[in-house]
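Reader: I have a structure open and would like to go through parts of it. Can we start with the strands?

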Amino acid sequence: MLWNLSSEKRESISSVDTAWLRMDRRTNLMMIVGVLMFETPLDLPRFKISLEERFLKYERFKQRPVSTGSSHSWETDSYFDLDNHISIAALPRPATESELQDFVSELTSESLDPNKPLWHFHVVNDFQGGSALVVRIHHCYADGIALIQVLLGMTDDQAKPSGKPAKKLRAVESHHDGEQDFWTRFYRPFTGAVTTAVKTYWDVLEGTIDLVKKPSKLVGYTNLGVGVTADLAKVLTMSNDPQTSFKGKLGVRKKAVWAEPLDLDEVKQIGKALDCTVNDVLLSSVAGSLRNYLIERGENVDGLEVRALVPVNMRPEHKMDRLGNYFGLVFLPLPIGIANPFARLYEVKRRMEELKNSHEAILALGLLGVAGTLPNVVQQFSFDMLTKKASAVMTNVPGPRQPMYMAGSKVSDILFWVPSSGEIGMGVSILSYNGQIRFGLITDTNLVPDPENIVNRLQSEFDKLVYGTLLDLGSGPVVPESIEQEINQWISAQNLVES
């Protein structure tokens, strides 16, 4: 709900941010939710100082979105009080991981107070010998890349800070020494002409190119239009996603869970051995987990594929340190119907390669920009149409490779969940931190009441790729017989080992 208020200090909300603001529904609240876990109890007074000095340096977080007739504006909250945005969670002490998951689930289904800036920090004391911090920020303030930078800007690389915050996270931080970062495949799956098209799009969108005064620019924009038009036709003619347990009528309750972490170095080694990216390995493992979950529920998965909406970073270089939303979306079909883990992996790789030259992300960003200027009912109809074509949102964000400290407490783990939109009831979030990869999963409980039965399968799906690689190398531990038979059958068919 937005209040129509008067104020001397207002500024317009961009059309893209307006689209995310108005996308709120009772069945899908547009909040980005994160959890930071600390090895030692969080020093609350010191944490408040950090918020004041490093979080609130962004004036936007002292502002709230308000309706100004047919448009929306940011209005500074003249009664802003930091204590209104920090609360202590009333959980049993000591709090267990299960109790923390239940608490996070409740918060993902609870609206932020529209009378105040739309963000809140919840402190959970006495959690596994330390503390946990649950962060909720409305999507209209910024995208995941920007918010990770904001939160990491509140950390230090040592318990006693030198006075300077930790080094800012770049747009895409490398996890490979001397190699292109694997997260790039999600956030910048572009090459050549498409990269140029992205820049051209932003120049036109932000008015830095006047096509009337600079007609020479029209050729490049027209070429961009040709590519976008082709992908628009592809998206509009795309069938709705099939009816599975992941697709249907949404309720108002969500459940957020997380998996045990995977070792980043091990995932990289398997990806290198199989000539795949780490993203290929992770997505294949997710697809395998979804497949086995559906089979357990008695659903037919033969030839099945479900689409995931994947965010693609389109933030211009000169806006890396700003808030706001600068990303498009692409549709990634997940090959759920492929049983063999290796065949599924290479099909995921092939499909990711196809997205490299896609204009779908530009198209989605353009639609967001247009939707933010249209009547809300038209925007909702448009996104209902698009979100019927996907069953999940999948995103990942790079985190720091070394341990970080906030208010003197070491951050042992970081997790986050992105909101879904329209008729999508599942979100998968991947984040790397300190040599580990964490999976967060959030589902609509009307559709998937037990998401833990999906994330608990991720390790075994990854293990299949590990075992297969070891078999191919002729070394390693004893492989379970059922997995060995499945792997050998596929390896033999592909002539990957000698007869």
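**Strands, a helix and cysteines**

Author: This is a predicted model. In it, β2 and strand β14 (residues 409–417) pair in the antiparallel sense, over six bridges.

Reader: Which residue of β14 is the bridge partner of Phe38?

Author: Val411 is the bridge partner of Phe38.

Reader: And how many bridges are there between β2 and β7?

Author: Eight, and that pairing is antiparallel. Ile32 stands opposite Ile137 in β7.

Reader: Is β2 (residues 31–38) buried or exposed?

Author: Eight of its eight residues are buried, so β2 is largely enclosed by the rest of the structure. Met31, Val33, Val35 and Met37 point one way, while Ile32, Gly34, Leu36 and Phe38 point the other way.

Reader: New topic: helix α2. Which residues are buried there?

Author: In α2 (residues 44–55), these are Phe47, Ser50, Leu51, Arg54 and Phe55. They lie on the same side of α2, because they cover an arc of only 105 degrees around the axis.

Reader: What is exposed on the other side of α2?

Author: Pro45 and Glu53.

Reader: What do the buried residues of α2 pack against?

Author: Their partners include β6 (119–127), β7 (130–138) and α4 (144–152).

Reader: What happens at the start of α2?

Author: There, a side-chain oxygen of Asp43 comes within 3.2 Å of the backbone nitrogen of Arg46.

Reader: Last one: how many disulfides?

Author: The count is zero. As for the cysteines, Cys140 counts as buried at 1% relative accessibility, and Cys276 counts as buried at 10%.

Conventions. Residues are numbered from 1 along each chain as its sequence is written. This is a predicted model: local features need pLDDT of at least 70, side-chain atom pairs count only at pLDDT 80 or more; totals for chains, interfaces and linings use all residues. Side-chain values use heavy atoms; hydrogens and water are left out. Buried means under 20% relative accessible area, exposed over 50%, partly exposed in between (1.4 Å probe, protein chains only). Helices (H or I, at least four residues) and strands (E, at least two) are DSSP runs, numbered from the N terminus. The arc is that of the directions from the helix axis to the C-beta atoms. Contact means heavy atoms within 4.5 Å. A polar contact is a pair of N or O atoms within 3.5 Å; within protein, one must be able to donate a hydrogen and the other to accept it, and residues adjacent in sequence count only if both atoms are side-chain atoms. A disulfide is a pair of cysteine sulfur atoms within 2.5 Å. Two strands pair if DSSP finds at least two bridges between them.
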